[in-house]
Amino acid sequence: MQERVRLTDAQINRDLLRSIFETPKWYFLLVGFLGIIVLLGFAAAGYMINRGLGVTGLNRPVFWGFFITNFVFWIGISHAGVMLSAILRLVQAEWRRPATRAAEVLTVFSLMTAMTMPLIHAGRPWRVMYWVFPYDFARGVYPNVRSALVWDPAAVFTYLTSSILFVYIALVPDIAVLRDRTTGWRHVLYSVLSLGWRGSVRQWKLQLIAGILLSAIILPIFVSVHSIVSWDFGSAMSVEGWHSTVFAPYFVIGAVHSGVSAVVTVMIILRWMFKWENYIRMEHIDALAKLLIVVATGWFFFFALEFIFGLYSLEGPEIALREMQVFQMPWKALFITFLLTSYVIPVSMWLVPKVRRNIPLMIFTTILVNIGMWIERFIIIVPGLARKQNFTFTWGGYTPSLVEITIVTATFALVTMLVLLFAKVFPLIPLGDAKEGMILHDEIKIGKVMVPAVMREE
Amino acid sequence: MHELHHPAPPSYWGMTAQELTQDVLQRHESAGRQFWTVAAVLGGLFGLGVIGFILLLSEGFDDRNVWGYYATTFAYIFIVAQSAVLISVALRMAKAHWRRPLARISELFAVVGLFNFFLLVPLLWVLPVTDGRRSIWFNWPGHSPHIWDTIGLGLLVVCGLALLFFASVPDMAAVRDHASGRRQNIYRFMAMQWTGMPHQWRKLNAGVSLLGAFYFMLLVVVHMLISVDFAMSLVPGWKDAIFPAFHAISGFHSAVAIIIVTMAILRWKTGFKKYLEVDQFWSLSKLLLALSLLWFYFWWSGFFTYWYGRQPAEISILKFLMFETYNIPFYLAFVLSFITPFVILMWNIVRKTIWGPTLAAGIVLVGTFFNAMRFYVPAYSIEDSSLHALDVVPPFNAPGVADILVIIGGLAGAVLTYMLASRIFPIISMWEMKEGLILQRMRRFMKIQIKVLAKPE
């Protein structure tokens, strides 16, 4: 059932620009609060850089802990943008309209946040220049370009650049609307950014072509990013459980699972904050939840493949690792929580139509998914490393320190804050798309009822 | 590029529901001489296949090498035909209106599943027990794959047939109402007292959705069982977590291809041309293109991890299945399943024709055969599956006369089964088409005619 309300263009402008022109008091309070957490994160990172990585829980043999888990997590969230925006645009799914911008913006900010993680993890971030320059200038010893660790920044940067372009191209008409409604320095800023947009037929055509072309071009990049992140692990021979052929698609679909869930969470919050009930309607949340059932089940299949083929050859070290993941505390608790939160609870709830149209339950389930997916990355990364060595006396454990917990918490505050700041400057639901949706919406009379319908241009 | 097209509505949109029923039924009932000639030729070829099968049988079950091409034929039919049912299921889930003319074409492949189930039987004698070798059954009894794969494939066949029957009930009723005598009695039975009451429609929709979802999940599981038990686990040192998923993707890929080819044949040889228009070919070709890319991605993920890992066991598998022993089928599969369809279908202007997608689909079907061949033939050429790694690489197993007869006969049998089933079930789903007539309109928008699609719910 659809709850569409006919809205005029003026009404759409007024509603969707509300986040920019009317600032409620809580907005500053919330941004300030998030800002404090972000500052705490910066302070913790500064402390860590000053004191060295010793202040973290990282130690032999577990050198990848919270930071790398968080890196993979945020890269995962960034996959929402393309999944929703590009794929749904290419397949002309009408219900994508209110979700695209939020998804793209989440992509950009989560990618930026993800990229801070390896920098912080490096302990001495300035050494990152060795990714580009020789380790040893005199002898010209360069980083190993055959390593997935070197491809990773290349893929992530490409993805970030194209995502920013993607957001910007879609934003141009909306910026022009803002230009026409502002004065002073803001007018100047929006004038520059709107690139002389007048809304002529030719401009719309170009904008449309650019959107479709970028959607198609960005798809392979989107797949490459998480595939390469997975090969950071998959190409490592020495860690049990990592060298699996299924890692690339497993990571990609897991990223889509967590990313789309995050978009639903963000959309629900936006709907509530800016009173966008007429735009982010229950039918949209319902459609996204149905999509999530398919994505989650696909992801679970890959998880099952990964697990089954981990055990397939019945090799001692691999069985020992899986046994630790599943049966030994604290991994056991994490593993059960992971299974319940990332698949069992949310999917069984989404199967019930009433849940898909219930705001509190949807926000609950989508947050659960991301708790589960964070844990998933953690239990992929850390247990294998803890058992990396052949001799039991060289095995290790890992307990995150307060510094790591603070920095990881700050990344969540950072992404939320950046999305809120973005909402203050640009509309988070594309005006043009909302208006186009209104124009293309139609109704067909069948018997005695009017059935919602949509016009198709081709 | 993305320009406003002003498409003419499909020619059948001007028809009333009654005219459509009449037209489809008329064509359904008159098969024509050519149909039976082709059926007779296929029957003859199937007979040759039976001779080939007897020749294989005469060599016994002990030497697995004899059965490599037989297993390939079984796997190929499974990959192509049993996945083909899924296309209708997936498109119905996605509520794509353009699926309507091809829904039955896809579901009818369920009967080929029944044919393929019989092909499985001899392989159960060829398949060794799992004791002492690696398998997904771990410490379960050694006959687990024999039992569970039979059950899995059997369930898939039953589910597919149930879906086909269920989704044709309204059409069976239409045939019943237009037939007389014994034919009417048969269709009366198959129509299950369908009168088109609202509660019957509700049950039909719920049943078709549930069976479809069940088929989808079952198909993916059976892909895993067949690919691992009948290929991967027979090769020592081959531990490839993505292989079942790659096998399934290859299935979806060739499923789209077989439907495009079937549509082209129907357009060419029957009067269903007006129902199967460029719209269907264009939409399916986009899917085919996407699946060609996914085919490459899944292959690449598996290959890359092995190639990068550089462990002796991994390199020997790569040499065996891809770059040395079975390099020719691999290169053919790679070119025909990925490169050629990609190069053909990347052009929208080609996708928007009948010949473009048909050509690409035909090529994909050949590529899928070589892809199946490079897994199943080598897997059956290994004498001892209980080793830890592939230390001794067996030579290339070239097909003999019996193998070629079995391949031809198997494929002919599958096509014949499909053709005969199309005599029972109208190959165009009338009720879905009529639903489409109600839910799709052309409407004037400013200066152009535009398609309007109803989206109930």
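Visitor: Which residues of H4(A) meet H15(A)?
Guide: This is a predicted model, where local features need pLDDT of at least 70, side-chain atom pairs count only at pLDDT 80 or more, and totals for chains, interfaces and linings use all residues. Residues are numbered from 1 along each chain as its sequence is written, with chains lettered from A and ligands numbered from 1 in the order in which they are written. Contact means C-beta atoms, placed from the backbone, within 7 Å. On the H15(A) side are A:Met373, A:Trp374, A:Arg377, A:Phe378 and A:Ile381, and they meet A:Ile68, A:Thr69, A:Val72, A:Phe73 and A:Gly76.

Visitor: At what angle do H4(A) and H15(A) pack?
Guide: Helices are DSSP runs (H or I, at least four residues), and strands are E runs of at least two, numbered from the N terminus. H4 covers residues 66-77 and H15 residues 359-386 of chain A, with axes 9 Å apart. Angles run from 0 to 180 degrees between N-to-C directions, with axes fitted to C-alpha atoms over the stretch in contact. The angle is about 135°.

Visitor: Which element gives the largest share of the side of chain B that touches chain A?
Guide: In total, 36 residues of chain B contact 36 residues of chain A. H9 (243-269), H10 (278-309), S1 (440-445) and S2 (448-454) of chain B each give two or more residues. The largest share, eight residues, comes from H10(B).

Visitor: Which residue of S2(B) is the bridge partner of A:Ala453?
Guide: Strands pair if DSSP finds at least two bridges between them. Four bridges join S2 (residues 449-456) of chain A to S2(B), and the strands run antiparallel. The partner of A:Ala453 is B:Ala454.

How values were computed:
Contact = placed C-beta atoms within 7 Å.
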